[in-house]
Amino acid sequence: MAHRTPDVMPLLSPGRHRHARKGACFMEMASFLAGEKWSDHPRCTHPLLAVMARAVNDHVGDDVRQELTPLIPQVIGVVGGGPRVDAQIARQAALTALPLVSASRQRVAAVGILCCEAVLADLDDLPRDHVSPESAKALAEVPDAERWARDFLRMGRGPTKSFTKRSAPTIVHNAVVGISNACVPDSDALLLDLLRRTIADCRVWMPPAEPVRTPVTGSPRVSAQPD
């Protein structure tokens, strides 16, 4: 995959943009660097990782958003993985959100964690109520949310196919929004760290086909407003 090096880097801004003169979000810039058609849903990045990148891009402040720029080349070529990777990405997002978010969002995060664990258990031929030690420990810290989530899930869980298409993106988006609205000292830094950790993990789970070149950013940036 040939990676472009732009003459001018537009400032990252929230939302979608028709072209770079109007600014760019994280994934739109990734599409350009990868040599794809301008899009916030490029083929060069795992879809659920792209969901997280778009959500973090849209829910951090302007100053922190510019700190995302060095991460953009790191998502190019990170594709594949199947439902296991979807479950791992979504579980990490929900586990990060669980101790930070409001009580109502803790319930949503707990449901997400248990759904991810069920998918992973199915893939590993384990009982569907199997929970990893990390998730069990996190859920034990919020017993009310865990109890509510287990009661909710007694109504049934959907198939793995629907998890990949609908549940996993919802879990990730709710986690990012919950963290951004949480009453914590620096939610932006937490979101930046979540995206960094997830990208690093995805590059282990789905190694890029070729080395990623960091774009030259010496040219003056063009300030742009959201389209």
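Eight salt bridges were found in a search of the whole structure. A salt bridge is a side-chain nitrogen of Lys or Arg within 4 Å of a carboxyl oxygen of Asp or Glu. Side chains of opposite charge can pair when their charged atoms come close. The model is predicted, so local features need pLDDT of at least 70 and side-chain atom pairs count only at pLDDT 80 or more, while totals for chains, interfaces and linings use all residues. Residues are numbered from 1 along each chain as its sequence is written, and side-chain values use heavy atoms, with hydrogens and water left out.

One of the bridges joins D62 to R65, with the closest N and O atoms 2.6 Å apart. Both residues belong to helix 3 (residues 62-66). Helices are DSSP runs of H or I with at least four residues, numbered from the N terminus. D62 and R65 are three residues apart, which means a separation of about one helical turn. D62 is exposed, at 53% relative accessibility. R65 is buried, at 3%. Here, buried means under 20% relative accessible area, exposed means over 50%, and partly exposed lies in between (1.4 Å probe, protein chains only).

A salt bridge also links R147 and D144, at 2.4 Å from N to O. This pair lies in helix 7 (residues 143-153). Three residues, about one turn of the helix, separate R147 from D144. R147 is partly exposed, at 47% relative accessible area. D144 is exposed, at 54% relative accessibility.

R128 and D122 form a further salt bridge, at 2.9 Å from N to O. R128 is partly exposed, at 30% relative accessibility. D122 is partly exposed, at 32%.

Note on methods. Helices (H or I, at least four residues) and strands (E, at least two) are DSSP runs, numbered from the N terminus.
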